[in-house]
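Student: Could we go through this structure together? I would like to begin with its cavities.
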Amino acid sequence: MAKGSGLIRNITILTGLSVAAIHVINRIETTTACISGSDRTREDKTYNWRYGMIDYKVKGYGSPLLMIHDLSIGSSKSEYKYIYDDLSKNKKVYIPDMLGYGLSDKPVMTYTASVYEDLIADFIKNVIRTKTDIVATGTSAPIVIKLAHDNPKLIRNIIMINPLGLYDQNLIPSTQTKLLRILINIPVIGTFFYNMKCNRSSIEELFNTDYLCDPDSMDKSRLEEIISEYYRASHERGIFSKHAYGCYLSQYMNCSILSELQETDHSMLIIGGEAEPDINDNIENYNYYNSAIESVIIPGTSHLPQIERPEELINNVEVFLSNE
């Protein structure tokens, strides 16, 4: 009996020490990511939305242009930092951090496509206060299409950068992906799993394999800067950063838009990266449901042409919007 009690006591002590060690590692990861802080200027504003504070930038004069970042690891308004200034010369440009991302609040909740549709709609109504052109990347693009269909008076023209494929949009949370979200939400252990996916080396790997076509062709200081921005954004607000990511992995942010795509009459442009997987098939599928969608491929880019070839992306945006 004594031996059994001793074994249980030792296991309990080891488990406690292991959890404590993981907790310390988690704190170090968050502190390291956010050590440089965020430099705020008069362009940085906040919008108090019903689910939390939304941080955004606004700059320029003219007709409004709203830019919505992707919803993947480390996504934030920094995604557009290399095109923001130039576009603001002729437009009033708004770039928010979506709820759960960057410097915006990160409440414990289920982040869905409907939540983001409501957020974008309210942001246009209460902050921009007039019909706006809109740019959206990746997972955010289908949400914008749905919003344009449901509230056509809010949006003028739509530009999609490497939008999520129509097949992937139809994927819904499964038992397996729901369990993954539960794992991420577990205190300490789930945070450790999140930090393993969102540590600096993992984000560097994402840039090397998915986000950029040719990282070696980028200016080294600029590449270092944007990786640091993504790393910090993925850890702002500490452990609360993981909740949106859990919903992203679990496919809660997906939404089917086949009927909406057919019925909307907004002018739309797809900007694709040459090295983005399946981009030509994705464009063809979009055109199948709406033949009026225009498209352009930017050579030498992958998922984030706005970072890799910002000048070319700016030119395509300005040409498309000038035709209206």
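Predicted model: local features only at pLDDT ≥ 70, side-chain atom pairs only at ≥ 80, totals over all residues.
Tutor: First, the term: on a 1 Å grid over the protein atoms alone, a cavity is a set of points where a 1.4 Å probe fits but cannot get out. Grid points are joined across faces, edges and corners, and a volume is the space filled by probe spheres set on the points.

Student: How many cavities of 30 Å³ or more are found?
Tutor: The search of the whole structure finds two.

Student: What does the secondary structure come to?
Tutor: The protein has 14 helices and eight strands; these are DSSP runs (helices H or I, at least four residues; strands E, at least two), numbered from the N terminus.

Student: And how much of the protein is buried?
Tutor: Of the 324 residues, 53% count as buried, meaning under 20% relative accessible area with a 1.4 Å probe and protein chains only; exposed means over 50%, and partly exposed lies in between.

Student: Which residues of helix H8 are buried?
Tutor: In H8 (residues 200–211) they are Ile-203, Leu-206, Phe-207 and Tyr-211. Seen down the axis of H8, these buried residues fall within an arc of 100° (taken from the directions from the helix axis to the C-beta atoms), so they line one face of the helix.

Student: What do they pack against?
Tutor: The buried residues of H8 pack against helix H9 (220–233) and helix H13 (305–308), where contact means heavy atoms within 4.5 Å.

Student: Changing topic: where is Met-53, and is it buried or exposed?
Tutor: Met-53 is in strand E2 (residues 52–59). Met-53 counts as buried, because its relative accessibility is 16%.

Student: And Lys-89, buried or exposed?
Tutor: Lys-89 is exposed, with a relative accessible area of 62%. Lys-89 lies in the loop between helix H2 (84–87) and strand E4 (92–96).

Methods: Residues numbered from 1 in each chain as written. Heavy atoms only, no water. 1 Å grid on protein atoms, 1.4 Å probe; cavity = no way out; pocket = protein on both sides within 12 Å on 5 of 7 lines; lining within 4 Å.
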